[in-house]
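Please look over the model below before reading my notes. Keep the two chains in view as you go.

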Amino acid sequence: MRALWHDSWGSGRGPAVRLAPEARIAAGAALFAASLAAPAGTGRGIALIAFVATAWTAACGMPLRAVKSFALLGAAMFLPYFLLVPLLTGAGTPGPSGQGGFLSALAAPWDVVLHGFAGLFLTAATVTSLSASDFRRGVLALPLPRLVTGVVIQIVHQTAVLFAETGSVAAAIAVRSGSGRAGTVLRVLASVPRVWLPRIIHRADRVSAAMELRGYAETDLRVMGPTKPRAADAAAIGAAVGLLALAAAIRWDWIR
Amino acid sequence: MSVAAVLAFDRVTVRYEPGSRPVLEGVSFTLDRGERAALVGLNGSGKTTLLMAAVGLAGHEGLILVDGIPVRRRTAGQLRQKTGFLFNVPEDQILFPIAREDAAFGLLRRGVERTEAYRRAESMLAELGVGEVAGQPALHLSHGQKQRVALAGALVTGPPLLLLDEPSAGLDPPGRLSLARLLGRLDAAMLVATHDLDFAARFCRRFIVLAEGRISYDGPDASVVSQAWGTEA
């Protein structure tokens, strides 16, 4: 899981990678919103969700290995919702043949699974289209408050550092305990309050000192990478926003 | 206090908690412009705390001046222009994903144009022997490479005072040697906290020994330190 997210950054090789980083982030966010807005209970909504997720994954050129891994991750995260169907069927209102109750019970898990899979793939595809440096440049170029950009960038950067730190703790525990993979995972979890957390707090303290020393908070990070908007970027964002509007229209129609 | 002093400590005491035992007690010394001093002492003797106090990251009693500027919370911005700081764990101070970007940050925040800032950062990285990693993710570098990237970020703006916390830690022997040579060529005054006397002796002519928060020796003779530690050859 850790390696999957870690290795995914910047691994995409599709045409979307040629867009400006901020266009990739904005388009990814708009498509994510479109996938959430489209209802999973209508044919048009399902088609739009499937199209948006598939098209963006292909446009970002997500590697096949990552597609398989994220599909497995999505299955593990979302398919168990279908286990709720028997419970929901009992609570539902069955039709003359009992089918209506089953179908209506299926609707809620189906909604979670479809939206979950789409959201996971849209996020992962956007991540694969961005290297860590692209992400920073993209966030800086977006019209967000300075504090927000600084915090978001540090969250992503320090998360990567924390993953590395967790890896070191896990390796140390594995070596010193001589336990297997499952045993190590359990020991790492048990060590969180006594080992990992104090280390992370200490690190956070030092990082904040370094940020203060280097003048991070007072600097407008846009000096790190201004970019000029291009027609292709505007077109990509426009298309994504158009799909979001279409999803909203389908949702509105479905509600009425 | 010397007029030429770029760093001056006058009866400085640091406590982490009010009323607790001081980590530094009554520390006084000055460091002249261009002077290089090794700050040596056993673990827990207060070396890192002294460096932190010099940049206002540890509250203190007494007076600390950096290039004539008193170290106070409100002078932090001015102090930043005067000092380059190297933490003993380089990951702590690398704030940007790509080595070149991190090394260039100090220049960019001073308004240097981006292409020029990156060029100068790459040049500094090359001078430190890690020019080939300029475009690489800093997180994927070895400890020694990260140490040099962090050092490049501290050196690139050419501050008059460098405060280096264990700069040779984790470096292989050739790396230590080349770093010592590089530091020996710099014009900046520097205070180098280290346990590594051989490394420090290559470019420092002054040794300030800390023991239990006090200065127990301040002079040119490194052998005094090894005698005190019982590590003489």
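The points below go through the model one part at a time.

1. **Ground rules.** This is a predicted model, where local features need pLDDT of at least 70 and side-chain atom pairs count only at pLDDT 80 or more, while totals for chains, interfaces and linings use all residues. Residues are numbered from 1 along each chain as its sequence is written, chains are lettered from A and ligands numbered from 1 in the order in which they are written, and side-chain values use heavy atoms, with hydrogens and water left out.

2. **Size of the interface.** The size of an interface is often given as the accessible area lost when the parts come together. Here chain A and chain B bury about 2,700 Å² between them. Of this, 59% is on carbon and sulfur atoms. (Buried area is the accessible area, taken with a 1.4 Å probe, that two parts lose on being put together, summed over both.) Chain A gives 27 residues to the contact and chain B gives 29 residues. (Contact means heavy atoms within 4.5 Å.)

3. Side chains of opposite charge can pair when their charged atoms come close. Between chain A and chain B there are 2 salt bridges. (A salt bridge is a side-chain nitrogen of Lys or Arg within 4 Å of a carboxyl oxygen of Asp or Glu.) B:Asp102 makes a salt bridge with A:Arg214, with 3.0 Å between the closest N and O atoms.

4. **Chain A's side.** Which elements give two or more residues to the side of chain A that touches chain B? They are helix H7 (132–141), helix H8 (146–177) and helix H9 (181–214) of chain A. (Helices are DSSP runs of H or I with at least four residues, strands are runs of E with at least two, and both are numbered from the N terminus.) H9(A) supplies the largest share, 9 residues.

5. **The four-stranded sheet.** Chain B has an open sheet of 4 strands in the order S2-S1-S4-S5, with antiparallel pairing. (Two strands pair if DSSP finds at least two bridges between them.) The edge strands are S2 (24–32) and S5 (69–70) of chain B. Strand S4 (residues 61–66) of chain B is antiparallel to S5(B), over 2 bridges. B:Leu65 has B:Pro70 of S5(B) as its bridge partner. Helix H1 (residues 47–54) of chain B lies across S1 (5–14), S2 and S4 of chain B, at about 115° to S1(B). (Axes are lines fitted to C-alpha atoms, for helices over the stretch in contact, and angles run from 0 to 180 degrees between N-to-C directions.)

6. **The six-stranded sheet.** Chain B also has an open sheet of 6 strands, ordered S6-S7-S8-S3-S9-S10, with mixed pairing. S6 (83–86) and S10 (214–219) of chain B each have a single partner strand, so one side of each is left without a neighbour in the sheet. The twist averages 15° from one strand to the next. S6(B) and S7 (residues 161–165) of chain B run parallel over 4 bridges. Helix H5 (residues 143–155) of chain B packs on the sheet and touches S6 and S7 of chain B. Its direction makes about 170° with that of S6(B).

7. A:Asp253 and A:Arg44 form a salt bridge, 2.6 Å from N to O. A:Asp253 is in helix H10 (residues 231–255) of chain A and A:Arg44 is in helix H3 (residues 43–60) of chain A, 209 residues apart. A:Gly61 sits in the loop between H3 and helix H4 (64–78) of chain A. The C-alpha atoms of A:Gly61 and A:Gly14 are 3.7 Å apart.
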